[in-house]
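Visitor: I would like to learn how to read the packing features of a protein model, taking each one from the general idea to the particular case. Could you guide me through them?

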Amino acid sequence: MRNFLAFFTLCLLCVLGTSVRSDAQSTALPMGSHPIEPTDWSFQCFPGSDCGTNGSWITTTSQPGTVRLWDSGTNWSDFNTAAGVYDWKNLDTWLDLIAEHQPRAVIYTFGHVPCWISTAHCDHKGWGNGHSYAAGPPRDLTSSGSPTFTAFVTALVHHCSPAGNCVTDYIKYWEIWNEPDLAENWTGTATQLYDMFAPVIPIIRNNIGKAIVSTPAVCGDHTSWITSWMTLENTNGRLSDYYGFHVYLKEYTPEVRMGLVQHMLDTKNANGWTTTPWMNTETGYQLVTFTCSTQYTAEDCRGQLVRWHVLQYAYQGGGGGAYHVGWFNWDSISLEGYDTYYYTMMQWLTGATFTASCTTVGTVWTCPLVEASGATALIVWNTAGDSQYTPASEYVDYKYFNGTYGGATQAITRGEATTIGVVPIMFESTRAGGDEEVQNSDGS
């Protein structure tokens, strides 16, 4: 992963998928696309950020249903400090926090070989690859596995915090390795990584009820590496339930970037994994800074956050859509002023089911769905800016973002033209009720 302000590494892309939906844990809803669940959204935190190892939970109003443990003081090198020696204090903090914030699913991502067992050299000067951890395979790795790594995984799955919160109760999703296609994360071969995990996946499955395992999460467009991995699983035995990759927006719009997502999915399907679902568990704007490209307006950046999630969940009508989309780094949600947008987006989509892929006519995009209430809806935006759009006569109001948590709702007459723009709005066939703000088109 990329270094973050010289202190933190950065995952580029990740995905999970399973051919059978399983409970994330006893109190958390399963990840899935039909309908979208709270656990289909995730966050993760760096050490030193406003959540995690300092003992405090995420402070934003937005509260996705999954936390991903990566670069959060929970890597192999953080725990396994010497042969047979483990320091679990960071894990204990996370386990206790997670237990306090239920229902919650957890993804644990493997990575960072401890310096003392790696074939690579570490100078022990600061944090990072070659300093506090290494990318070289373990020295004891053979075709039968790494006894050191096997011992670590065995200890990990059996661990409980002093408060009695156990890995077996709270961590159900396991990501085999973070971006092994980058030399900063893994300098061994795909075969060596497979050999290292082949003995430990049964340990995880035998000890973690309904455990779900992901392929190594590779960077977007690194199809050759993930193809070699799928070949190993096809030939030597499946380890994974999910197919994983990481795609960031970088300087692209969501509409353009979906081409890279499709390329990765075409690779999955071409290798006989057509029915294996996928998740993008690490995404965001640009790398390192985690901010939206300055070539876009603030309004477009806010719209891109929403459009990027909608396009992935709606891919192939949800049937081939993302089973999970995880935002990295979570501080960027609050620091960049996206909290009300993320929160409102979750309110719109949780419990909803997309019924067809998003389509475009010119620069206008439309995405049909059924809301949790059962009402039909249509998410619409125009990448070129403001224009007039006349929805079908079945739609009687639309939801929109207005900088508040939950947004607002505007009543319309049937067939009334409405202004759309770079920030999506959602037309509804049944008028919203409850405590939401509902206005007639004349403002009354």
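**Reading rings, helices and strands**

Guide: Trp76, Phe79, Tyr86, Trp88, Tyr108, Phe110, Phe149, Phe152, Trp174, Trp177, Trp186 and Phe197 together form one aromatic cluster. The model is predicted, so local features need pLDDT of at least 70 and side-chain atom pairs count only at pLDDT 80 or more, while totals for chains, interfaces and linings use all residues. Residues are numbered from 1 along each chain as its sequence is written, and side-chain values use heavy atoms, with hydrogens and water left out.

Visitor: How many aromatic pairs does a search of the whole structure find, and how is a pair described?

Guide: A pair of aromatic rings is described by the distance of the centres and the angle of the planes. Rings of Phe, Tyr and Trp (its six-membered ring) pair if their centres lie within 6.5 Å, and planes under 30 degrees apart count as stacked, over 60 as edge-to-face and the rest as tilted. Searching the whole structure gives 39 aromatic pairs. For Trp76 and Phe152, the ring centres are 5.8 Å apart and the planes lie at 20°, so this pair is stacked. Because Trp76 lies in helix H1 and Phe152 in helix H3, the pair ties together parts that are 76 residues apart in sequence; helices (H or I, at least four residues) and strands (E, at least two) are DSSP runs, numbered from the N terminus.

Visitor: Are Trp76 and Phe152 buried or exposed?

Guide: Buried means under 20% relative accessible area, exposed over 50%, and partly exposed in between (1.4 Å probe, protein chains only). Trp76 and Phe152 are both buried.

Visitor: Which way do the residues of strand E7 point?

Guide: In a regular strand the side chains alternate between the two faces of the sheet. In E7 (residues 105–109), Ala105, Ile107 and Thr109 point one way, whereas Val106 and Tyr108 point the other way, and all are buried.

Visitor: In what sense do strand E4 and E7 pair?

Guide: Two strands pair if DSSP finds at least two bridges between them. Strand E4 (residues 66–69) pairs with E7 in the parallel sense over four bridges, and Thr66 stands opposite Ala105 in E7. E7 is also joined by three bridges to strand E8 (residues 173–175), and these two run parallel; here Thr109 has Glu175 in E8 as its bridge partner.
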